[in-house]
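The sequence and structure come before the details.

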Amino acid sequence: MRFAILTDIHANREAFAAVLEDAAARGAGRIVVLGDVVGYGPDPGWCCDKVAELQARGAICVRGNHDNAAAGAPEPMSPLAKRAMDWTKERLSADQRAFLGRLPLVAEEGDTLFVHASASNPEAFSYVTSDTRAAPSFRATGARLIFCGHTHVPLLASRDPGGVVRQQEFKANLPIPLLRSRRWLAVVGSVGQPRDGVAQAGWALLDTDTNELTFRRTPYDVAGTARKIRAEGLPEELAARLLTGS
């Protein structure tokens, strides 16, 4: 089975649609959404409805901090994020906000755990940005594979049988063998607002038959999404970020 693992869509319809098309072309039989469906981008309603549709068809979906905020929770946010969230809330229906609020914080499938941020304290939405920050997630669960998002920057870490956690180098679009002698944590990156200097949608493809993980990058109409952000009167910084991938 091939799992397409997506996170931090952030109301970017063009990026989301491009990734779904890419995932289908690569034989993904199951979709996983690791949260932050909304926030920052210009199409929160469409993205929310698409995730609900995917969930109804068997997708695994968990809740991110922006989803939590859209549903009414008092999530701490930067002034930029709060301005975008205030705009977002006005454009979501009550049913859409309720859907986001019902999403679980954590989901498990076999030996794999899915969470928006750290597995050690999912409701705190802490950032996994290094092997040191990945270590608590390994301690919190016995899952062999852990997938998360939240940082908008891809990362791969492994834990050896002796408990040593190391960050692993990788290249986009090249399969990585997930050795069974280790446990693995992957921060998938971001579909809708990558911050690693690449202005393409980021996601991951997990092949459970070959036991390989591929960090994918998918081109999309970045300029078109930026124009929509500006047309909606959202902050210019949100459009500029997309154009630079930062």
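## Pockets

On a 1 Å grid over the protein atoms alone, a pocket is an open set of points with protein on both sides within 12 Å along at least five of seven lines, and its lining residues have an atom within 4 Å of a point. The model examined here is predicted.

The second largest pocket holds about 220 Å³ of space. It is lined by 13 residues, and Leu20, Ala28, Ile31, Leu54 and Arg57 are the closest to its centre. Two or more lining residues come from each of α1 (13–25), β2 (30–33) and α2 (44–56). Sorted by class, this lining has 7 nonpolar, 2 polar and 4 charged residues.

The largest pocket has a volume of about 260 Å³. Its lining consists of 17 residues, with Asn65, His66, Pro76, Tyr127 and His150 closest to the centre. The classes here are 7 nonpolar, 7 polar and 3 charged residues.

## The sheet

Six strands form an open sheet with mixed pairing, in the order β4-β5-β6-β10-β7-β8. The edges are β4 (106–109) and β8 (165–167); each has a single partner strand, so one side of each lacks a neighbour in the sheet. On average, neighbouring strands are turned by 15° against each other, direction ignored.

Glu108 stands opposite Leu113 of β5.

## A helix on the sheet

Helix α6 (residues 131–140) packs on this sheet and touches β6 (145–148), β7 (155–159), β8 and β10 (183–187). The direction of α6 makes about 135° with that of β8.

Conventions
Residues are numbered from 1 along each chain as its sequence is written. This is a predicted model: local features need pLDDT of at least 70, side-chain atom pairs count only at pLDDT 80 or more; totals for chains, interfaces and linings use all residues. Side-chain values use heavy atoms; hydrogens and water are left out. Two strands pair if DSSP finds at least two bridges between them. Helices (H or I, at least four residues) and strands (E, at least two) are DSSP runs, numbered from the N terminus. Axes are lines fitted to C-alpha atoms, for helices over the stretch in contact, and angles run from 0 to 180 degrees between N-to-C directions. Contact means heavy atoms within 4.5 Å. On a 1 Å grid over the protein atoms alone, a cavity is a set of points where a 1.4 Å probe fits but cannot get out, and a pocket is an open set with protein on both sides within 12 Å along at least five of seven lines; lining residues have an atom within 4 Å of a point. Grid points are joined across faces, edges and corners, and a volume is the space filled by probe spheres set on the points. Ala, Val, Leu, Ile, Met, Phe, Trp, Tyr, Cys and Pro count as nonpolar, Asp, Glu, Lys and Arg as charged, and the others, Gly among them, as polar.
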